[in-house]
Amino acid sequence: MKLHCEVEVVSRHLPALGLRNRGKGVRAVLNLCQQAPESVPRSRFRDEVGGSHAACLLVSTLKDKRGTRYELKENIEQFFTKFVDEGKATVRLKEPLVDICISKANSSSLKGFLSAVRLAHRGCDIETPLSTLTPVKTSDFEKLKTKMVITSKKDYPLSTNFPYSLEHLQTSYCGLSRVDMRMLCLKNLRKLDLSHNHIKMLPDTIGDLIHLQDLNLSDNHLESFRVTLCQSTLQQSLRSLDLSKNKIKALPVQFCQLREITDLKLDDNELIRLPFKIGQLKNLRSLSAARNKLPFLPSEFKNLSLEYLDLFGNTFEKPELLPIIKLQVPLTLLEASARTVLQKRIPYGPQSIPYHLCHDLDTAKVCVCGRFCLNSYIQATTTMNLHSVAHTVVLVDNMGGTEASIISYFCSLACYVNSSDMLK
Ligand SMILES: [Zn+2]
């Protein structure tokens, strides 16, 4: 039984000597193999029946192709398997005093390998045939493939799998109508480029790619960006997102929970609004949403601090001179309960309330005071010079303008009066 991975064998004497390990593995092949009878140390197995069948672990590297052998039977002090899903694990031996640190392994092969090692430790028979001691080939140590770029249908792998070690995968112009599930097993993926395909829907499991930093979905048929993705591990990892040239009309409010995003491209969609809480994207440096249907920007837009902004070719409306007052006195039961649900962050969904109410709550307006409002509000529009939020601004129209309309909502007359200076 073999495992291809990177290995570092760390002596536990090192800290006592004031030394540290390098913290870096080398390409290696681990073999679970049969201990040749003559090599069994007599002291240990002399009296045991079957001792000559004990399995041992052979660690072979490019420098040491014959490999270093470690006994396994009753010789494992501890397994560290917290990151086994990321292809990492450590086996701590009793004798010699070493930690065998495994990394960059295929996680499912690693799990199988570790359970066989565990059996060997208990002295059980291992059902999988043990490898015979043949020298490992130099090709076994070749660097793992980390990048793959496919730009035509004919090169798309149908019968072979993607190398599990990939960190950068591009499959463009391949006519994909959905995301290939095999890609979602590539746990090391940092950059995924699926541009120029026909993808309509994204699977929730894209959110399981915990290292994904750069996702390019431009020129597809997407109509939405799913809420589940906004609430996945992408919150911690995603830096760059390209959704340009799709058919997206609006992004969910939860989109603003993807707070690590620095680079966002939304050009050539059908956007009628940007998320109200866009100001929460504190790391955003580059935003382009050219050629959409934006009539206004949300008032939180003023909180952005960008290096580059492109809103060319939108249909910004002229601001109204007078505010539109839609205050309800007293508040309807619906309005009061909606405000409470949002304020107290009470979970809701189509399983508990009618679908149209979910939509209303999802798109609730946010007052400058931070409170929510649904149908009872004062609406005021102003303009802002986009240079106040970005260093480089692409003109919004062919007339040389850099001004865009901003829409603000107020939950009460008091909030409106207090903020009326702001609107001037
Ligand atoms: Zn308010």
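Author: Let us begin with the metal site. The zinc ion is coordinated by C367 (SG), C369 (SG), C411 (SG) and C415 (SG), at 2.2 to 2.4 Å. This is a predicted model, in which local features need pLDDT of at least 70 and side-chain atom pairs count only at pLDDT 80 or more, while totals for chains, interfaces and linings use all residues. Residues are numbered from 1 along each chain as its sequence is written, and side-chain values use heavy atoms, with hydrogens and water left out.

Reader: What makes these SG atoms donors of the zinc ion?

Author: Donors are N, O and S atoms within 2.8 Å of the metal (3.2 Å for Na, K and Ca); water is not among the atoms, so sites may look incomplete. The SG atoms of the four cysteines stand at 2.2 to 2.4 Å, and therefore they count as donors.

Reader: Why is the site of the zinc ion called tetrahedral?

Author: Four donors count as tetrahedral if all angles lie between 85 and 135 degrees. The angles among the four donor atoms here are 101 to 113°, and the site is tetrahedral. The ideal angle for four tetrahedral donors is 109.5 degrees.

Reader: How are the donor residues of the zinc ion spaced in sequence?

Author: The spacing is C-x1-C-x41-C-x3-C. C369, in the loop between β18 (365–366) and β19 (372–373), and C411, in the loop between β22 (403–410) and α7 (413–423), are 42 residues apart, and this pair links distant parts of the chain. Helices (H or I, at least four residues) and strands (E, at least two) are DSSP runs, numbered from the N terminus.

Reader: How do you know whether C369 and C411 are buried or partly exposed?

Author: Buried means under 20% relative accessible area, exposed over 50%, and partly exposed in between (1.4 Å probe, protein chains only). C411 has 7% relative accessibility and is therefore buried, whereas C369, at 36%, is partly exposed.

Reader: Why do β15 and β17 count as edges of their sheet?

Author: The open sheet has four strands in the order β15-β22-β20-β17, with mixed pairing. Because β15 (297–298) and β17 (324–326) each have a single partner strand, one side of each is left without a neighbour in the sheet.

Reader: Which residues touch the most other members of the largest nonpolar core?

Author: A nonpolar core is a set of buried Ala, Val, Leu, Ile, Met, Phe, Trp, Tyr and Cys residues joined through side-chain atoms within 4.5 Å. In the largest core, of 59 residues, F225, F255, L287, F301 and L386 touch the most other members.

Reader: Why is this core said to lie between domain 2 and domain 3?

Author: Domain 2 (147–270) and domain 3 (309–424) both give residues to the core, so it lies between them. Their bounds come from an automatic or database domain assignment. A second, separate core of 27 residues includes A55, V59, V98 and A120.

How values were computed. Four donors count as tetrahedral if all angles lie between 85 and 135 degrees; four count as square planar and six as octahedral if opposite donors are over 155 degrees apart and all others between 65 and 115; anything else is irregular. Two strands pair if DSSP finds at least two bridges between them.
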